[in-house]
Amino acid sequence: MNPYILATLLLGLGLGTTITFASSHWFLAWMGLEINTLAILPLMAQYHHPRAVEATLKYFLTQATAASTLLFATTTNAWLNGQWDIQHMTHPLPITLFTLALALKIGLAPLHIWLPEVLQGLDLGTGLILSTWQKLAPFALLLQIYPANSTLLIILGLTSTLIGGWGGLNQTQLRKVLAYSSIAHLGWMILVLQFSPTLTFLTLITYLTMTFSTFLVFKLNNATNINALATSWTKAPALTALTPLILLSLGGLPPLSGFMPKWLILQELTKQDLALTATLAALTALLSLYFYLRLSYAMALTMFPNNLTGTTPWRLQSSQITFPLALSTTATLTLLPLTPTIMALLTP
C-alpha cells in the first residue's frame, strides 16, 4: 500500500477514536465510531485475496448493523428523555439497546460469531489493529454509561468467558485462537464493569499489552497455524523461550501480569456477594489456560513434523522492528509486582 494512503488511513483511525473519546453528544460519538470503521476497511482489504475481501464484507455488515442499532438507541433515548448527552441515559430500553450494539461492535458473546471468521481472513498486522485499537472507542462509551445493577452485563460477561474458552480448544489456526482469547478477556472486563470501571480499564490495558506482544511474536515468525510455531526456535531461540511466558500470561497464570486483573476481578465479584459468578468465571479461565498451554507446548517442546505434504518454510530473518516487541514483552512479564502502584494511579 502507498505510504501516503496508509498514513491517511491510520490518521483516520486515530481521528475517529479521538472524536469518540472527546464527545459528550451521542451523534458525535456515533460519527467517531463510523470514521473508525471506514478507515479500517481499506486496511482489511489491502491484500486482494478472496478471504480478505470476505472478511472485510462481514466486518462492514456487522459494524453497520451495530451502528444502526446504536443510532436507534440514542434516538429512542432522546425521545424519552429529551437529551442527547451521553451522561443522560437513564431509561432501561435505550441502555439495553446501547449495550447490545456495543457488544456486537466489540464481539461479545453471544454476538461474537463474526469475530473469529473476520480475524481469520486478515493478515496479522491488520488483525492486531482489529484486536486492540478497535476496542478502545466502544469501551470508552461503555465506561461512561455503565448501567448499575445490570444483569445483562453479567450474562454477557459469563457467556463470553465460557464461549471464549470453549471455542479455542479445538483450533489450530492462531488467528482464531486469538479471536476466542479476545472474546474471553472481554467477558472478564464486562463482568466487573458496573462495580469497578477502574478495574475494567486496568484489565483493558493489560489485555492490550499482552495481545500486542502475542501478535508481534506471530508476525515475526510469520506463523498462522500451530505447526508453523514449531520452526520458530531456529529463527529466534531467545524469543521462543519467552513466548510461552507471554501465552501463559494471557491465560492468567501467576506470577505473570495476566494474573493481576483476574485476581482483582474475582476479589471484586466476591465483595459484591457474587460468589457463584466468580466461581464460574474462574472455572472458564481454565478452558482458556488449556489452549494457551497447547500453544506453548507446540512452540517450545515439539519439533516441526517432517511428514507434512507441505514444505518447510524458509528460515529467513524478519525485517520487523523488534523494539516495540521487546517493550511490550517486558511489560507483559513484569507488571504484576507494580499492581499497587498502577491501582493507585488509576484510582481517582
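These legends describe close-up views of a predicted model.

**View 1. Helix α1 and its N-terminal cap.** Helix α1 runs over residues 3-22 and has 20 residues. From first C-alpha to last, α1 reaches 28 Å, close to the 28 Å expected at 1.5 Å a residue. Asn2 caps the N-terminal end. There, a side-chain oxygen of Asn2 lies 2.8 Å from the backbone nitrogen of Tyr4.

**View 2. The two sides of α1.** The buried residues of α1 are Leu9, Gly12, Leu13, Gly16, Thr17 and Thr20. Seen down the axis of α1, these residues fall within an arc of 120°, so they line one face of the helix. Their packing partners are α2 (26-44), α6 (124-131) and α7 (136-145). The face turned away from the buried side carries exposed residues: Pro3, Tyr4, Thr8, Leu11 and Ala22.

**View 3. Edge-to-face pair Trp26 and Phe98.** A search of the whole structure finds five aromatic pairs. In this one, the ring centres of Trp26 and Phe98 are 4.6 Å apart and the planes stand at 65°, so the pair is edge-to-face. Trp26 lies in helix α2 and Phe98 in helix α4, so the pair ties together parts that are 72 residues apart in sequence.

**View 4. Stacked pair Phe259 and Trp263.** The rings of Phe259 and Trp263 have their centres 5.8 Å apart. Their planes are at 5°, so the pair is stacked. Both residues lie in helix α14 (residues 259-271). They are four residues apart, about one turn of the helix. Phe259 is partly exposed, with a relative accessible area of 25%. Trp263 is also partly exposed, at 44% relative accessibility.

**View 5. Helix α4 and its surroundings.** Helix α4 has 15 residues. It reaches 21 Å from its first C-alpha to its last, close to the 21 Å expected at 1.5 Å a residue. Eleven of the 15 residues are buried, so α4 is largely enclosed by the rest of the structure. Among the buried residues are Pro94, Phe98, Thr99 and Lys105. The buried residues of α4 pack against α2, α3 (50-81), α5 (114-120), α7, α8 (151-167) and α9 (174-191). Just after α4, Gly107 takes a positive phi of about 95°.

View 6. The unreviewed UniProt entry annotates several spans as "transmembrane region", including residues 59-80 and 177-195. Residues 59-80 are 100% helix and 0% strand. The end C-alpha atoms of that span lie 31 Å apart. Residues 177-195 are 79% helix and 0% strand. Here the end C-alpha atoms lie 29 Å apart.

**View 7. Leu274 in its loop.** Leu274 sits in the loop between α14 and α15 (275-300). Leaving aside neighbours within four places in sequence, Leu274 is in contact with Ile154, Phe195 and Leu269. The UniProt "transmembrane region" annotation covers residues 274-293, among other spans. Thr74 is 200 residues from Leu274 along the chain. The C-alpha atoms of these two residues are separated by 31 Å.

Terms used
Residues are numbered from 1 along each chain as its sequence is written. This is a predicted model: local features need pLDDT of at least 70, side-chain atom pairs count only at pLDDT 80 or more; totals for chains, interfaces and linings use all residues. Side-chain values use heavy atoms; hydrogens and water are left out. The expected span of a helix is 1.5 Å times one less than its number of residues. Buried means under 20% relative accessible area, exposed over 50%, partly exposed in between (1.4 Å probe, protein chains only). The arc is that of the directions from the helix axis to the C-beta atoms. Contact means heavy atoms within 4.5 Å. A polar contact is a pair of N or O atoms within 3.5 Å; within protein, one must be able to donate a hydrogen and the other to accept it, and residues adjacent in sequence count only if both atoms are side-chain atoms. UniProt positions are given in the numbering used here, feature names are shortened, and annotations may be inferred rather than shown by experiment. Rings of Phe, Tyr and Trp (its six-membered ring) pair if their centres lie within 6.5 Å; planes under 30 degrees apart count as stacked, over 60 as edge-to-face and the rest as tilted.
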